[in-house]
Structures are given as structure tokens and as C-alpha cells.
Amino acid sequence: MSTQHPDGPEPVLQVDGLVRTYGRVRAVDGVTFAVGPAELVTVLGPNGAGKTSTLDACTGFARPDGGTVRVLGLDPWRQAARLRPRIGVMLQAGGSHAAARTGEMLRTIAGCFHHPHDPEMLLEVLGLSSVARTPVRRLSGGQVQRLSLAMALVGRPELLFLDEPTAGLDPQARHLVWDLLRAARADGVAILLTTHLMDEAELLSDRVVIVDHGRVVAQGAPGELTGGAEHRQLRFAAAPGLDLELLRLALPDGFAVRETSNGRYLVEGEIVPATVATVTSFCAQVGVLPGELQVNQRSLDDVYLELTGREIRP
């Protein structure tokens with residue numbers, strides 16, 4: 001089933017019911033989503049949720065065990081030779097030869113395309129000019145990440161696949177990568193990326209796809225996933241250890257109230273002016289003065305944890 005509106009533009013990436021198995025384990029179990037032209041879509045999920053397996057099928061590195069994938073109208077597994085010149089791929093493994101020099105590696109990749117970006121320009125923009133003659137094996141982890149991004153961008157791709165592009169980067173490098181991705185989108189490049197950084201997904205994405213146990217559990221624009229009065233949070237500070245049962249009874253059904261840390265309280269539900277009045281009335285009844293009272297929109301991090309749980313994944 002297509003996730004694109006029938007009257008909208010043809011997607012550059014369409015994933016329908018994708019299945020990938022490893023023995024008896026279904027790592028990807030019927031995943032469906034699409035990426036439109038010049039759209040940035042982020043796939044979020046815990047370790048082992050199926051993100052990288054999905055990306056491998058989209059880039060033609062793995063054959064689907066079920067469902068279909070179409071990239072720029074092509075089957076990435078059967079028509080890989082036609083597709084490769086039109087996409088850019090940055091995987092966690094990197095893809096650089098350890099013995100090659102940094103500039104040499106990028107120029108070699110550029111030579112595989114008809115109208116590449118200037119490799120020297122990309123080295124300069126990504127802060128790699130000073131290590132252009134340094135073997136890849138001697139680069140820092142952040143430098144290797146930036147070289148991998150340059151290799152994905154140099155061929156002027158129509159669609160970029162990026163697997164955790166800012167993992168291990170310092171804040172300055174992260175912001176540089178974000179600026180490059182925004183510039184690529186402005187030039188009409190569509191982007192599919194995975195990340196564990198919620199602020200990155202919320203800041204960059206047109207749409208977010210959350211996967212868990214190989215299935216899509218939610219998708220939509222960040223504002224759609226976090227928005228609405230029913231998804232706001234009211235926070236306040238007061239004396240620690242308040243008995244919150246009185247507040248729970250005063251609020252309508254469907255609200256959650258808890259002490260998140262010593263003297264810090266969180267009310268979740270449909271936060272409207274009457275909710276604020278109820279909280280202040282409760283504080284008056286128990287003889288405390290609420291401080292730092294604020295109403296916030298639920299974050300993407302909150303949505304993610306709600307859908308995938310808080311337990312640590314191996």
C-alpha cells in the first residue's frame with residue numbers, strides 16, 4: 001500500500017511491505033513508507049529494530065525476502081548498475097580504503113561520475129583539506145565520517161542514503177553536516193537517513209518513520225507526532241514527595257502525573273487553561289507554592305520512548 005497521496009508527486013523511494021529475514025528472525029516485518037522529491041525522511045528505532053536492514057534493501061546491498069522496493073523507479077537489487085550513478089550512500093562501515101590518502105580516495109570516487117562536484121571544494125567545505133594527503137587509517141573517527149559524507153555527495157546524487165551521518169561528530173561538525181544536508185535538499189536532493197539523535201530528527205526531518213521489532217509503529221511530520229493540546233506537558237517544582245493522588249482525582253481521566261525527580265513534577269494530557277488552574281489549586285490545598293511552572297510541547301524523544309519503551313536494547 002502506497003503512503004503517498006494519489007495526487008502528489010511520484011515518490012523517489014517507495015517501500016511496500018518490505019520483509020528481511022535472518023534464519024527464523026524477521027528483522028524487517030512488512031515495513032511501508034515513501035520519500036518524495038527533495039524530502040528528508042528520518043528512520044528512528046532502537047538497536048535491532050531493522051533500520052540498517054531496511055537501508056541495505058533500499059540501496060541494493062541486500063535482496064528483500066518479501067515486499068517491494070523502488071528507488072527512482074528502479075529495483076535496487078535487479079537494476080543496481082543503472083541505479084548506482086544516481087544515488088549517494090553513506091553507511092556506518094564507511095567504505096574507504098584504509099591505505100588510500102584522503103584526497104586520493106575522494107578523487108577516485110568522483111571519477112566514477114559524469115558531472116561530479118569538485119573534490120577539492122568538498123574537502124575544503126568539510127574541513128579535510130589539511131589531511132588530504134593523510135592515509136585514511138590515520139584519520140580520526142570524525143574525519144572518517146566527514147570523508148564518507150563527501151564520498152556520498154561528490155557524484156551529485158538525486159537521492160542520498162545516510163546511516164547515522166553525525167555519529168561521533170563534535171557539535172561543530174554536526175552543525176556543518178546539517179547545513180550541507182539542508183543545502184542538498186534546496187538543490188532538489190531527497191534524503192533518507194537513520195539516527196539515534198532525536199534533536200537531529202526533529203530539526204531536519206520533513207517526516208519521521210519510527211520502527212520497532214521490524215515494524216513501523218508511527219510515521220508523520222515531527223509536529224504531527226508531537227502536536228496538539230492532548231500531547232502537551234505541564235511541569236512545576238515544589239516540595240519533594242507530594243501526595244499526588246488528590247491531583248489525579250481532580251484532573252479528568254487520561255492524565256498522567258508523576259514526580260520525575262526530587263521535587264520536579266510532570267503532568268501529561270490535554271493541557272488547557274483549566275488544567276493549570278487545577279494544578280495551582282492542588283498546590284494551594286497542600287500548602288505549597290509551585291515554582292518554574294511551564295507548559296511544553298511533548299518532544300519527539302517523549303514520543304519515541306512511549307512507542308518503543310525505556311529498556312536498554314543490546
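Helix H4 (119-125) and helix H6 (171-186) each contribute at least two residues to the lining of the second largest pocket, helices being DSSP runs of H or I with at least four residues and strands runs of E with at least two, numbered from the N terminus. The model is predicted, so that local features need pLDDT of at least 70 and side-chain atom pairs pLDDT 80 or more, while totals for chains, interfaces and linings use all residues. Residues are numbered from 1 along each chain as its sequence is written, and side-chain values use heavy atoms, without hydrogens and water.

The second largest pocket holds about 260 Å³ of space. Of its 13 lining residues, those closest to the centre are His117, Leu153, Ala183, Ala184 and Asp187. A pocket is here an open set of points on a 1 Å grid over the protein atoms alone, where a 1.4 Å probe fits, with protein on both sides within 12 Å along at least five of seven lines; lining residues have an atom within 4 Å of a point. The volume is the space filled by probe spheres set on the points, which are joined across faces, edges and corners.

| Lining class | Residues |
|---|---|
| Nonpolar (Ala, Val, Leu, Ile, Met, Phe, Trp, Tyr, Cys, Pro) | 9 residues |
| Polar (the others, Gly among them) | 2 residues |

Ser53 lies in helix H1 (residues 51-58) and counts as buried because its relative accessibility is 12%, the limit for buried being under 20% (1.4 Å probe, protein chains only).

Strand E8 (residues 207-212) and strand E9 (residues 215-220) run antiparallel and are joined by 5 bridges, where pairing requires at least two DSSP bridges. Val211 stands opposite Val216 in E9.

Methods
Buried < 20%, exposed > 50% of the residue type's maximum accessible area, 1.4 Å probe, protein only.
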